[in-house]
Amino acid sequence: MKSLFIALFVALLFFISFFTQSLFAQQPSGIDIMKENDKQFNFKTEESTMTMELINSSGKKRVRSVKRYSKRDANKNTSALIRFLSPADVKGSAYLSIEHSANDESRHLYLPALKKARRISAGEDSDNFMGSDFTYEDLDNIDFDKYSFKLLGSESFNGIDCHKVEVTPIGENEKTSGYSKRIYFIDKKIYVIHKIDFYDRHNSLFKHLILTDFKLVSSPGIYRAYNWTMENLKTKHKTTLTYQNFKVNEDIDESLFSTRSLERSN
Amino acid sequence: MKLNRIYIFAISILVIFPKLVNAQENDFKYSLGGFVELENHSFFKEKTGMINSRNQNTVQLELKSNLSDSYSFFSSVEFRNDFSDPNRNRVYLKETYIDLYSPKIDLRVGKQVILWGKSDGFNPTSNITPIDYSDILDTDDEEIGIFALKSNFYYGDWEIQGVISPTFQSSIFPSSKSRWQNYPDFLNHNGISKPAHFTREEVSMPENKFKDFQYGLRLSRNFNNVDFSISYYQGWNDIPSTTSSISFSGDTINVSMQSNYYKHQVIGGDFSWVLGKYILKGEGALFLPQGIIQDDPYFQYVIGFERVFSNIIDDKNLFVIAQWIHEIKPDNIEYKGNDFNHLFQRNLMTRIEMDINRDMKFSVQAMYSLKYEEFYIKPEFIYNISDGLNFSLMADFLGGNKGKDGFFSNYSENNRVRAKLKYNF
């Protein structure tokens, strides 16, 4: 009799476990999906070289080439150094940002003509980055305390089965964010982002970002998109980023993230 | 003639070199860059016997090499040809230095530009590098490199910079026919206006002996929200002190002007502090002149802020700088309004800048002197025609109370328009 009870209890446990697992497999929450995506950014160091093209509505192009170094500490604070390689009138300029905590970041800019690093203010998250269609907010990782997440369902994008997640700013972030919401298309297999739709503060779709040409850059399962296209649907202005290389979790000298390094001319 | 030959040689290098340079750039050992700049300045009012325009070509070649992580080399040569003012023609080595890097110390040896200070437009702590003032309102990128050894020692977040220069280099001042050399034709003597004749005595330059070496030391640190530094400089002031003596020949008043370079010590400090969306900046320096008649110490400081106002019109930002510049001196001392060492005694300065679109920008820089009741306004429009090619159109407006004998009011007839086309390569 006792062994029958044990068998029934084990069967019940197995049933509950199986039921909840299959339920979760079918219906993960929006935040779970975004957290899976966030694992893509669990790096200690990252180095990349990319070309940025700014294309206006009449097709006129501006091309910038930059090299970017970044590192993340144990508290996920990110430091980044960006060096401008071209065109000639911005070559030698460099930008350094050091995140000390979630709301404390120092930013310095080096312009060859000034011959010294200059502290600059943080500005608004909704400011454009380097004259592109990207804002600083677009380039930041998601802070899970500042947004709510809602799974809208599944949708195929470019033939890839994706989760569709709505990300909405909450609390103080609702006032400072440049968006009323963003809708992410996240790969169901490898949890990378294929597309983001951006809605302005009046809840109209006004930008979308499409990421393609994914490559595995580090184990386990860290992918990067080598081509990014951000298009402003109102102004018809477009920004493309084409990465030449990514190096993830390779050694980068700590002293690179300092004003000393910023002022070095090479 | 010689200048023209060198100029043509420079252009030839530009034409011939790209292939060589591109080949070498692939492995990032050498790079050749620089710019070509074409400028026209036209004064609204003409003055007889003076230079009433600038029509200038400038080529700057910059050669950079980083053969190793431990050292690098940089050199820039400027070729300047002013068709209206031959006194501004020059071929000169702007900077040439070697950098040596080690984990704790960086050394830079050679002709170089060393700039200190955190305020904008006026830096009382920056006294090492002289400036070409031949056009007083156009001093952008007009620093004159000095031969020096600069060492930077790093200890944690602290940085100590030491500078020693064995040679003296003076700043450059407007030539006698420049619109920025303004001697009055008549002077008042006992209430009677009489013709005036000005002469400049030859200036004796400091000798480059060991006792004339110049030194500087600067200690700085970056905190999370604040950058600050304190500094000390002992050396020659590259702007001389000028005294004048008067004699009479008939009805004419002869004014003989004598300029003397003198040593001074400068003790300074500066900071840059992030306060929310504002950056508060301050810089001050105590000057201790030596070996001149008027050797009283004086203190100059700048305090101000900058801020970016985001999304003012659509996604366009407005950048604002505002500063107060003040000189504190003994009550019994009065400096002349056109004394280059004391130009800004009680001045407000501002700069606002706004993007019109991604290719066009508009800015206005303005200064007002409370002491002399005079102003300077410079509106500027910049058009980025394509990558590396920029066109600027700007104007200079000066004026104020002439009775106060200040600086800007003295040049109120020098309002002008400037156009510049610059190609960076």
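A residue counts as buried if 20 or more other C-beta atoms lie within 10 Å of its own. The views below show close-ups of a predicted model.

**Figure 1. R224(A), a buried residue of strand 12 in chain A.** R224(A) has 20 other C-beta atoms within 10 Å and is therefore classed as buried. Its place is in strand 12 of chain A. Leaving aside residues up to four places away in sequence, R224(A) touches F214(A), K215(A), V217(A), Y243(A) and F246(A). The view also includes Q40(A), which is 184 residues from R224(A) along the chain. The C-alpha atoms of R224(A) and Q40(A) are separated by 8.3 Å.

**Figure 2. Chain A and its secondary structure.** Chain A comprises 5 helices and 13 strands. Of its 266 residues, 23% count as buried.

**Figure 3. The buried residues of helix 2 in chain A.** Helix 2 of chain A spans residues 30-38, and its buried residues are G30(A), I33(A), M34(A) and N37(A). These residues lie on the same side of helix 2 of chain A, because they cover an arc of only 95° around the axis. In general, an α-helix has 3.6 residues a turn, so residues three or four places apart point the same way.

**Figure 4. The largest nonpolar core and a second, separate core.** The largest nonpolar core has 16 residues, of which M52(A), L81(A), A94(A), L96(A) and L262(A) touch the most other members. Two or more residues come from each of strand 1 (45-55), strand 2 (61-72), strand 3 (78-86) and strand 4 (94-101) of chain A. Strand 4 of chain A provides the largest share of this core, with 4 residues. A second core of 15 residues is separate and includes Y147(A), V165(A), Y184(A) and L209(A). A94(A) touches L81(A), I82(A), R83(A), F84(A), Y110(A) and L262(A), when residues up to four places away in sequence are not counted.

**Figure 5. Two cis peptide bonds of chain A.** Most peptide bonds are trans. The bond from S86(A) to P87(A) is cis, with omega near 0°. P87(A) is placed in the loop between strand 3 and strand 4 of chain A. The bond from S219(A) to P220(A) is also cis, with omega near -5°. P220(A) is found in the loop that runs between strand 11 (205-218) and strand 12 (222-232) of chain A.

**Figure 6. Positive phi at N158(A) and Y191(A).** Most residues other than glycine have a negative phi. N158(A) is not a glycine, yet its phi is positive, at about 50°. The loop between strand 7 and strand 8 of chain A holds N158(A). N158(A) is exposed, with 10 other C-beta atoms within 10 Å. Y191(A), again not a glycine, has a positive phi of about 55°. This residue lies in the loop between strand 9 and strand 10 of chain A. Y191(A) is partly exposed, with 18 other C-beta atoms within 10 Å.

**Figure 7. An open sheet of 4 strands in chain B.** The strands of this sheet follow the order 8-9-13-12, and their pairing is mixed. Strand 8 (186-189) and strand 12 (241-249) of chain B stand at the edges; each has a single partner strand, so one side of each is left without a neighbour in the sheet. From one strand to the next, the twist averages 40°. Strand 12 of chain B pairs with strand 13 (residues 252-260) of chain B in the antiparallel sense, over 9 bridges. Within strand 13 of chain B, I253(B) is the bridge partner of F248(B).

**Figure 8. The contact between chain B and chain A.** The contact takes 30 residues from chain B and 25 residues from chain A. On the side of chain B that touches chain A, two or more residues come from each of strand 3 (71-82), strand 14 (263-275), strand 15 (278-290) and strand 16 (298-313) of chain B. Strand 16 of chain B gives the most to this side, with 4 residues. By class, this side of chain B has 9 nonpolar, 13 polar and 8 charged residues.

Note on methods. Residues are numbered from 1 along each chain as its sequence is written. Chains are lettered from A and ligands numbered from 1 in the order in which they are written. This is a predicted model: local features need pLDDT of at least 70, side-chain atom pairs count only at pLDDT 80 or more; totals for chains, interfaces and linings use all residues. A residue is buried if 20 or more other C-beta atoms lie within 10 Å of its own, exposed if 12 or fewer, and partly exposed in between; C-beta atoms are placed from the backbone. The arc is that of the directions from the helix axis to the C-beta atoms. A nonpolar core is a set of buried Ala, Val, Leu, Ile, Met, Phe, Trp, Tyr and Cys residues joined through C-beta atoms within 7 Å. Two residues are in contact if their C-beta atoms, placed from the backbone, lie within 7 Å. Two strands pair if DSSP finds at least two bridges between them. Axes are lines fitted to C-alpha atoms, for helices over the stretch in contact, and angles run from 0 to 180 degrees between N-to-C directions. Ala, Val, Leu, Ile, Met, Phe, Trp, Tyr, Cys and Pro count as nonpolar, Asp, Glu, Lys and Arg as charged, and the others, Gly among them, as polar.
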